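Subject: A structure to look through

Hello,

I am passing on a structure for you to look at, and below it you will find some notes on what came out of it. Please keep the sequence and the 3D view open while you read.

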Amino acid sequence: MASMLEFRTPGWNSYAVKYSPYYDSRIAVASAANYGIVGNGRVFCLGLGPQGVRVEKTFDTNDAQYDLAWSEINENQLLVACGDGSIKLYDLNVNDFPVMNFHEHKRETFSVAWSPVTKDTFASSSWDGTIKIWSPARRDSLKTLPVGNCTYSTSYCPSNPHIISAVSTDSHLRIFDLRTPVSAQYHLTAKIPVHVAPPGGPPTPPAEVLTHDWNKYSQTVIATGGVDKAIRTFDVRSPAAGPASLMAGHEYAVRRLAWSPHARDVLVSASYDMTVRLWTDGSTMPQQQHQQQLPAACRPGIQLGVMNRHTEFATGVDWCLFGAGGWVASVGWDERVLLWDANRLLQGA
C-alpha cells in the first residue's frame with residue numbers, strides 16, 4: 001500500500017484517534033504512557049500538510065487517556081476521557097490546562113461521544129457501570145443512566161438526539177430513549193443480547209462487547225465488536241431478531257470499529273490481532289435464493305481488505321469525512337499513527 005502517512009508518538013501508546021468534523025487536515029490522538037497501566041496521558045492534535053504530519057498542540061493529563069471526541073460546536077475544542085474518571089475539555093487556543101473539567105465517574109472513563117444532532121450535550125461511559133449526559137457549559141452532569149457493569153462504549157443515534165446506546169461486559173447492547181419517563185427503567189427501551197445464536201446456528205457463549213457504532217445511512221442499524229473476535233450488526237427496531245449480519249476474520253478481540261460516512265454497507269475495524277480490516281456487511285449485495293427463503297437468516301459479511309502495518313495492538317480507527325471518501329486513521333500500542341487510503345486496499349495496491 002503506497003498511500004500512507006505515518007506519525008510516531010515515542011513513549012506514548014495510543015488508544016483512540018478522531019478526525020476533526022471541520023477540517024480534513026486535523027486529527028487528534030488520545031494516548032497513555034506504559035500502555036495505560038500506570039502513568040500520564042497525552043492528547044496529540046496533529047495537522048496534515050505538504051510536509052507530512054506535524055504536531056499543532058499537545059495536552060498532558062495525570063492519568064491515561066482512553067478516548068476523545070471533537071466538539072460539535074467549537075472547531076478548536078475536544079473532550080478527553082481519562083483513567084481517573086474525569087473528562088477534560090481542551091481548547092487549542094488555550095495552553096496547558098483544560099477549559100472545563102467534568103468529574104463524577106468513580107472509575108475509568110472509557111468513552112465519550114458528542115451529540116451530532118443538537119450539538120449541545122455529550123455522553124460518557126465508565127467502568128463504574130454508568131453513562132452520564134453532560135452540557136459543556138455545566139460542571140455537573142444532566143443525567144445518569146445506570147448500566148450496572150463495566151460500560152466500554154456509548155454513542156448517540158446520528159438522527160435522533162434522544163436515543164443513546166451502550167455496550168458493556170455483560171454481552172448486551174442497550175438502547176436508551178431520554179423521552180421516556182425516568183421511572184420506566186431509567187429510560188432503557190431495549191436490551192439486545194449480542195451473542196444470541198442466529199436462527200439454525202450453534203449457540204455462542206456470552207463475551208464482553210468492547211465497541212459499537214451506528215450506521216450513518218441505515219440509522220436503526222448498529223455494529224458491535226468485542227472479545228469473541230466477531231462483528232455483528234443489529235436493527236434496533238427488532239431487538240429479538242438476533243444479528244442481521246456476522247463478519248468473522250479477526251484472530252483476537254475487536255477493539256474499535258467505525259461505519260463509513262461514505263457508503264452504507266462498509267465499516268472498518270481495529271483489533272488486538274494488530275490488523276485493521278475493511279468489511280461489507282452484505283446488505284447491498286444480492287441475496288442468494290436460499291437466503292431469500294429465510295428472511296430471519298444472519299447475512300455473512302465479507303472482508304474487503306486487511307491493513308497489517310501495525311506491530312502492536314490496533315486500538316483506534318476513524319474515517320475522514322471529506323474528500324473522495326476512503327482516508328482512514330488508525331492507531332495502536334506501537335506508538336504509531338497511520339493515515340491511509342482504504343480505496344487502495346480494495347484495489348490491492
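This is a predicted model: local features need pLDDT of at least 70, side-chain atom pairs count only at pLDDT 80 or more; totals for chains, interfaces and linings use all residues.

Leu304 sits in strand β26, which covers residues 302-307, and together with Met285, Ile302 and Leu346 it makes up a nonpolar patch on the surface, where the four have about 310 Å² of accessible area together.

The other part of these notes concerns aromatic rings, for which a search of the whole structure gives 15 pairs. In one of them, the ring centres of Tyr66 and Phe110 are 4.9 Å apart and the planes stand at 45 degrees, so this pair is tilted. Tyr66 belongs to strand β6 (residues 65-70) and Phe110 to strand β10 (residues 109-114), so that the pair links distant parts of the chain, 44 residues apart. Tyr66 counts as buried because its relative accessibility is 5%, and Phe110, at 9%, counts as buried too.

Another pair is formed by Trp114 and Phe122, whose ring centres are 5.4 Å apart with planes at 35 degrees, so this pair is tilted; Trp114 and Phe122 are both buried. Finally, ring pairs join several residues into a cluster, among them Tyr66, Phe110, Trp127 and Trp333.

Best wishes

Notes. Residues are numbered from 1 along each chain as its sequence is written. Side-chain values use heavy atoms; hydrogens and water are left out. Rings of Phe, Tyr and Trp (its six-membered ring) pair if their centres lie within 6.5 Å; planes under 30 degrees apart count as stacked, over 60 as edge-to-face and the rest as tilted. Helices (H or I, at least four residues) and strands (E, at least two) are DSSP runs, numbered from the N terminus. Buried means under 20% relative accessible area, exposed over 50%, partly exposed in between (1.4 Å probe, protein chains only). Patches are made of residues with over 30% relative accessible area and no salt bridge: like charges are joined within 9 Å, nonpolar side chains (Val, Leu, Ile, Met, Phe, Trp, Tyr) within 5 Å. Accessible areas come from the Shrake-Rupley method with a 1.4 Å probe; for residues, only the protein chains shown count as cover. A salt bridge is a side-chain nitrogen of Lys or Arg within 4 Å of a carboxyl oxygen of Asp or Glu.
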